[in-house]
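Dear colleague,

I am handing over the structure that we spoke about, with its sequence. Please look through it first, and then read the notes that follow.

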Amino acid sequence: MGNFLAGKVIAVTGAGRGIGRAVARAAAAEGARVVVNDYGVSVDGASPTSSVAEAVVKEIEAAGGEAVPVADDVSTMAGGQRIVDVALSSYGRLDGVVCVAGILRERMLFNMSEEEWDPVVATHLKGTFTVFRAAAAVMRQQRTGTLIGFTSGNHQGSVSQANYSAAKGGIISLVRSAALGLHKYGVTANAVAPVARTRMSANVPMELAEIGEPEDVAALVVYLLSERAREQEITGQVYTIAGPKIAVWAQPREVRSAYAEGAAWTPERIAEFLPGSVGVDPMPMLERLAGMERAARDGNRPNA
Ligand SMILES: NC(=O)c1ccc[n+]([C@@H]2O[C@H](COP(=O)([O-])OP(=O)(O)OC[C@H]3O[C@@H](n4cnc5c(N)ncnc54)[C@H](O)[C@@H]3O)[C@@H](O)[C@H]2O)c1
């Protein structure tokens, strides 16, 4: 056992399986007392069971750690609040929350139903909001705390997961808003875009060139939760961890601008001005897609 998180209380959502489970176990091994939240659902969000969260609490206890289960659904305000309330009633404080819970309902945009859109956005994006909202109120009073959201490289866009991609893009903006709004209270907020072998990534219909284990992702999350990261004033960042690779994503910014002189814009003036002055910022995902389509035509399994 290390002591990266000695004395801290950390709540982890989606902590019953995959990356969340690895985060909960690693946090406990580093000295944290852990709230293990998991609704215990299938990859598409069906058939909840409380046994999944309870099993991880038993694993942590068997390894000599301290943990408490919460089997609530993070997509409800009551669920997010309960995770925070259980941290306070069990351990008296809350130093970090890690929102890992997620589901997938894959469909092309032109076929996607409301039942495929709403629960995916509700689990990922609202499920990060409900926990951040309840935790931020406590951390503001404490004048310290760390919020961590889970995004994906897919926030850049996705062929068949527009619901998931939109939610993951929203999580980045939510994390940056939390970083800005809570800065003066000593609370940091960051996002992690992982690539790791889990039941969810087993569904990806291509070979991932760079992929690691949930434990690699857990190590990054433990660091971000620790005083070592807080001393570096790391906030508002998005990190990818994929096997041996660790990367920081760019902050969104205007890449090129131009100013027109004189009279107001019209479509005709824009048609003349825009292509030669500001142009486009090429979309890397579109180039990658073209490569994948070429590989598929040639009979190879595409790489991502
Ligand atoms: N595995 C990867 O390579 C990868 C890549 C990019 C992003 N992610 C993200 O990382 C996170 C973890 O993914 P994973 O691969 O470990 O998935 P996983 O399916 O193994 O685990 C997700 C867990 O979330 C729980 N959950 C689902 N809905 C919930 C709800 N409403 N309330 C509480 N718990 C709920 C599930 O029961 C499950 O135990 C997700 O947000 C996912 O989108 C994973």
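Met108 is partly exposed, its relative accessible area being 31%, where partly exposed is the range between buried (under 20%) and exposed (over 50%), with a 1.4 Å probe and protein chains only. This is a predicted model, in which local features need pLDDT of at least 70 and side-chain atom pairs count only at pLDDT 80 or more, while totals for chains, interfaces and linings use all residues. Residues are numbered from 1 along each chain as its sequence is written, and side-chain values use heavy atoms, with hydrogens and water left out.

Met108 sits in the loop between β4 (96–99) and α4 (114–142); helices (H or I, at least four residues) and strands (E, at least two) are DSSP runs, numbered from the N terminus.

Turning to the ligand, 30 residues surround it, and the closest are Ile19, Asp38, Asp73, Tyr164 and Thr198, a residue being counted if one of its heavy atoms lies within 4 Å. At least two residues of this shell come from each of α1 (18–29), α4, α5 (162–182) and β6 (187–195).

As for polar contacts (pairs of N or O atoms within 3.5 Å), a polar side-chain atom of Thr198 lies 2.5 Å from an oxygen atom of the ligand, and a polar backbone atom of Ile19 is 2.8 Å from a ligand oxygen atom. Of the 830 Å² of accessible area that the ligand has on its own, the protein covers 96%, by the Shrake-Rupley method with a 1.4 Å probe.

Best regards

Terms used
Polar contact = N/O pair within 3.5 Å; in protein donor to acceptor, adjacent residues only side chain to side chain.
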